[in-house]
Amino acid sequence: ATPTSIMVGIGRASELGVLFRKGDALQLLDGVDVVAFDKTGTLTEGHPELTDLILANGQSRETVLPLIAAVENQSEHPIAKAITRAAREDGLNWSTARNFASTTGFGVRASVDGHDVMIGAGRYLSREGIDLGDWEGRESDLASRGRTALFAVIDGRVAALVGVSDPMKPASRATITALHAVGLKVAMITGDKRETAEAIGTDLGIDHIIADVLPDGKVTAIEDLKSGGRTVAFVGDGINDAPALAHADIGIAIGTGTDVAIEAADVVLMSDDLRAVLTALDVSRKTMRNIR
Ligand code: ADP
Ligand code: MG
């Protein structure tokens, strides 16, 4: 393609809601092999809801929910919002948590009304030396239904298993089907555990499901996808997606996402509708093959 046809392609794309920040990206996208998606906020709405609260013997929803809401009230994570919203909808009040500590990718902990309260993934409990007891089976049950499973721990004991679910964006499935139709492979990168990720990813027809990814592990995931000379596009929205956006051959940020992600990307989608990825591909192919 000539510099002029690339300029024309970039102009055409911008009319269709896709901003190419570099001409390179328009050329590279035509040769893409794999399109990898961040899960939360990219494939999903990013607004999970509390769906399950499975209580240990002797615990009640009225005691557990305010304690974990008090801790999550100090967190910005979408899971935190799901829990405080559920407590509020139940009409429950909570105290102010003290000594709040967050371990990114694992969970959160604080003291509330004299209790040591933790909420997080199974790997958070292992890391903090808390015994999972006989909860592992129930965690697997929740996860295999596509829920993110979290443990609520009060004073060192599991008090409840919490399930949250983040609905898919309506366009995710159609986008993946269309990518397959043009011969591309699709990957999903997520901090969720394998069973949760597989339940969601298999349902969507994802080819490569990369689970249990810690916040700084997305770059390694992209690196693995690139091995063997594959050209990889990565689509993401969050602050923690920025390094992977920069590392992918083509970084595609969702324009409604964080500024940090947008800064790191080569391509910005003006809406949160993932079908804009298909628009970007289409413009790239037509430009590189001189089709008008
Ligand atoms: P993702 O973007 O896939 O949700 P994160 O790295 O943000 O990945 O989180 C990974 C996991 O860490 C979550 O699925 C959850 O199990 C746990 N976690 C992180 N923050 C919190 C929190 N505030 N409350 C409970 N669990 C959390
Ligand atoms: Mg995200």
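Select helix α10 (residues 218-226): this helix lies across β2, β9 (185-189), β10 and β11, running at about 150° to β11. Helices (H or I, at least four residues) and strands (E, at least two) are DSSP runs, numbered from the N terminus. Axes are lines fitted to C-alpha atoms, for helices over the stretch in contact, and angles run from 0 to 180 degrees between N-to-C directions. Contact between two residues requires their C-beta atoms, placed from the backbone, to lie within 7 Å.

The model is predicted: local features need pLDDT of at least 70, side-chain atom pairs count only at pLDDT 80 or more, and totals for chains, interfaces and linings use all residues. Residues are numbered from 1 along each chain as its sequence is written, while chains are lettered from A and ligands numbered from 1 in the order in which they are written.

Next, show the sheet. Seven strands form an open sheet with mixed pairing, in the order β1-β13-β12-β11-β2-β9-β10. β1 (18-20) and β10 (208-210) are at the edges with a single partner strand each, so one side of each has no neighbour in the sheet. From one strand to the next the twist averages 20°. Two strands pair if DSSP finds at least two bridges between them.

Within the sheet, pick β2 (residues 34-38) and β11 (residues 232-236), which pair in the parallel sense over four bridges. Select A36 and its bridge partner in β11, F234.

Move to helix α5 (residues 78-89). Its 12 residues should span 16 Å at 1.5 Å a residue, and its end C-alpha atoms are 17 Å apart, which agrees; the expected span is 1.5 Å times one less than the number of residues. Colour I79, A80, A82, I83, T84, A86 and A87, the buried residues of α5. A residue is buried if 20 or more other C-beta atoms lie within 10 Å of its own, exposed if 12 or fewer, and partly exposed in between, with C-beta atoms placed from the backbone. Their cover includes β3 (49-55), α4 (61-72), β7 (148-154) and β8 (157-165). After α5 comes G91, with a positive phi near 75°.

Finish at I6 in helix α1 (residues 3-15). I6 has 18 C-beta neighbours inside 10 Å and therefore counts as partly exposed. Leaving out residues up to four places away in sequence, I6 touches A1, G23, L26 and T287. I6 and G23 are 17 residues apart in sequence, with a C-alpha to C-alpha distance of 6.6 Å.
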